Amino acid sequence: MIGMDPAFVAGATVDGAVLRRVWRFARPYRAMLAAFLVVIVAAALVSLVPPLLFREILDSAIPDEDRGLLHLLAALIVAAAVADAGLALAERYVSARIGEGVIYDLRVSLFDHVQSMPISFFTRTQTGALTNRLNTDVLGAQRALTGTLGSVVSNTVALIANGGAIIVLEWRLGLISLVLLPIFIVPAKRVGRKLQTLTRQQMDLNASMNTTMTERFNVSGALLVKLFGRRSAETADFATRADGVRAVGVRSAVYGRTFFVALGLVGSLAAAAVYWIGGQLAISGALTIGTLVALATFVSRIYGPLTALTNARVEVMTALVSFERVFEVLDAQNPITDRPGAVDLAAVHGTIELDAVHFSYPVDAVVPSLEAVSPSTAEPADPAVVLHGVTARVEPGQLVALVGPSGAGKTTLAQLVPRLYDVTSGSVRIDGVDVRDYTQESLRAAVGVVSQDAHLFHDTVGNNLRYARPEATDAELMAAARSAQIEDLILSLPEGLDTLVGDRGHRLSGGEKQRLAIARMLLKDPAIVILDEATSHLDAENEALVQEALAGALAGRTSLVIAHRLSTITAADQILVLDAGRIVQRGTHPELIAEGGLYADLYRTLLRAEHASVTP
Ligand SMILES: Nc1ncnc2c1ncn2[C@@H]1O[C@H](COP(=O)(O)OP(=O)(O)OP(=O)(O)O)[C@@H](O)[C@H]1O
Ligand SMILES: [Mg+2]
């Protein structure tokens, strides 16, 4: 989708709806746009003045030997040049104010909208493609507004001004100069199209090169490349992409220059023709020398605008494509929104009820063009049902452990409580009210989640903790860190709370990261805690620490813990055993052990694993 087919662009018509939306974004700048028009017209008129003054010098001042007039005309030419320069600056200023302003508006609304999207949008979207929208297409949209539309307006005005001047001065000579036009315009149009295609290809290739880089140059990507010894293969792959960029770059440079060389050449030819034919008219006395010079200048000035305008349609279309691509993201529907009349979840007791919850992950693309697989090649499959009628109840202050084999649906089930996804059928209720009837903001404030692979931003330890509560003091941070058993580690770090954690927190071990995430959750102080214990880092030393961390974190809160540690499981008030999306057993540890079945099997496996890790 990134490289638009130029034929498509050329064949498309300007979509009225898109134009109206573009206008909505441009509307706040309408005073500026008016100023822009005024400046452009003024600049075109001022640029007509010098040739006319040259004409006066040649036709009046010099033949009449009128030095006074000569001084005056020269001064006027200087004034016109200064005015022209001033107007050029003013035009640039106004167009930049409009362009940057629109970019700002588009960017901020895109950023905000993307943030509001449900988590399914992010699991399905290619990050590179998304950031590309936020950067390249927003720039393209800006170009559409000020660059392309601006150049259409200014070229039209310039064409009218110069053409009008030619007609007033000597229309027959003007006609002669027009004879040359088709010789230039026809090939210029083709070169223009070609350039358009090349530019699109360039954007496309650059995007693919950037995606490769962003995926490889982060800690996890780099680690993968190293561990699999793929460096030379990666370099070769990158070189291929970069080579494409190089080839297209050379071609577009040559085509671009051809365009301007040809433009200059035709300008010179036109000037020669005007001097040649006009010279004869001058000899026969039908034309003054001054008029001839002025005409030659005006004629040479109409080619640029004319060619620019012949390509304008394609350019406007291409630029509008950027707007459409931005609107496509802005229009992405968010299925998880606050219901009208949604209530705030305040004074939480902490009862969680799952009532016949069925769930399958959404299969419909949110923004198809942003997904890794194009929709044409991948027929939307029937959604696999992940949860088949799960019913359970967690009492306030209880600790419920959710156990089960990998892929059973534990993480999925937990994600339904803070409404990261909506149930397919059935309901999830907190304190007796469906989570879909709460405002999302209050719901997420009440539910603290520590996920399986806790994410830390590339920032200091302190700022990562403060993400939960920006106004927290250092003492509060350390208190939370103490409860999460991560205080000693923070104190041992070279700069304490001010130590940077690497991209995704790679300077910390998995267990440390999770304890930091627990501390972060504690700062938020939610009434309900959902904890997805990491399956890794089950070493015995951490075990005790994490156990204490959990005891501190969960005290007095309703907790749903996806447990992989025996100590967590055995301490639970209730254990839910999930298998293939169904709760197959429930009860306390002694009850379930007595019952046998899947739980007893899982327990024995865990016991063996933990025993093995304690005794090397
Ligand atoms: N975003 C998603 N889109 C589609 N299917 C998904 C998605 N996330 C998980 N699944 C599927 O849903 C099923 C349950 O996954 P889930 O992550 O809930 O398992 P789990 O019980 O947490 O396993 P583990 O113990 O390994 O973490 C799996 O078959 C998985 O492939
Ligand atoms: Mg999981």
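Is helix α17 largely enclosed by the rest of the structure or largely open, and how many of its 15 residues are buried? In this predicted model, 12 of the 15 residues of α17 are buried, so the helix is largely enclosed by the rest of the structure. The buried set includes Gly511, Leu516, Ile518, Met521 and Leu522, and Lys513, Arg515 and Arg520 belong to it too.

Just past the end of α17 comes Asp525, with a positive phi of about 55 degrees.

Now zoom out to the whole chain. The protein has 21 helices and 10 strands, and it is divided into domain 1 (6-330) and domain 2, which is made of two stretches, 396-419 and 437-614. Taken over C-alpha atoms, the centres of the two domains are 57 Å apart. The overall dimensions are worth a look as well: the C-alpha atoms fill a box of roughly 120 × 50 × 50 Å along the principal axes. The radius of gyration is 35 Å, whereas a compact globule of 616 residues would come out near 25 Å. As for burial, 33% of the 616 residues count as buried. Among contacts with a separation of 6 or more, 83% are between residues 24 or more positions apart.

Val403 is buried, because 25 other C-beta atoms lie within 10 Å. Leaving aside residues up to four places away in sequence, Val403 touches Ala563, Ile569, Ile575, Val577 and Leu602. Gln585 sits 182 residues away along the chain, yet its C-alpha atom is 9.9 Å from that of Val403.

Finally, back to backbone angles. Most residues other than glycine have a negative phi. Ala356, in strand β1 (residues 352-360), has a positive phi of about 45 degrees although it is not a glycine. Ala356 is partly exposed, with 13 other C-beta atoms within 10 Å. Gln485 also has a positive phi, near 60 degrees, and is found in the loop between α15 (474-483) and α16 (487-492). Gln485 is buried, with 24 other C-beta atoms within 10 Å.

Conventions. Residues are numbered from 1 along each chain as its sequence is written. Chains are lettered from A and ligands numbered from 1 in the order in which they are written. This is a predicted model: local features need pLDDT of at least 70, side-chain atom pairs count only at pLDDT 80 or more; totals for chains, interfaces and linings use all residues. A residue is buried if 20 or more other C-beta atoms lie within 10 Å of its own, exposed if 12 or fewer, and partly exposed in between; C-beta atoms are placed from the backbone. Helices (H or I, at least four residues) and strands (E, at least two) are DSSP runs, numbered from the N terminus. Domain bounds come from an automatic or database domain assignment. The radius of gyration is taken over C-alpha atoms; the globule rule is 2.2 Å times the number of residues to the power 0.38. Two residues are in contact if their C-beta atoms, placed from the backbone, lie within 7 Å.
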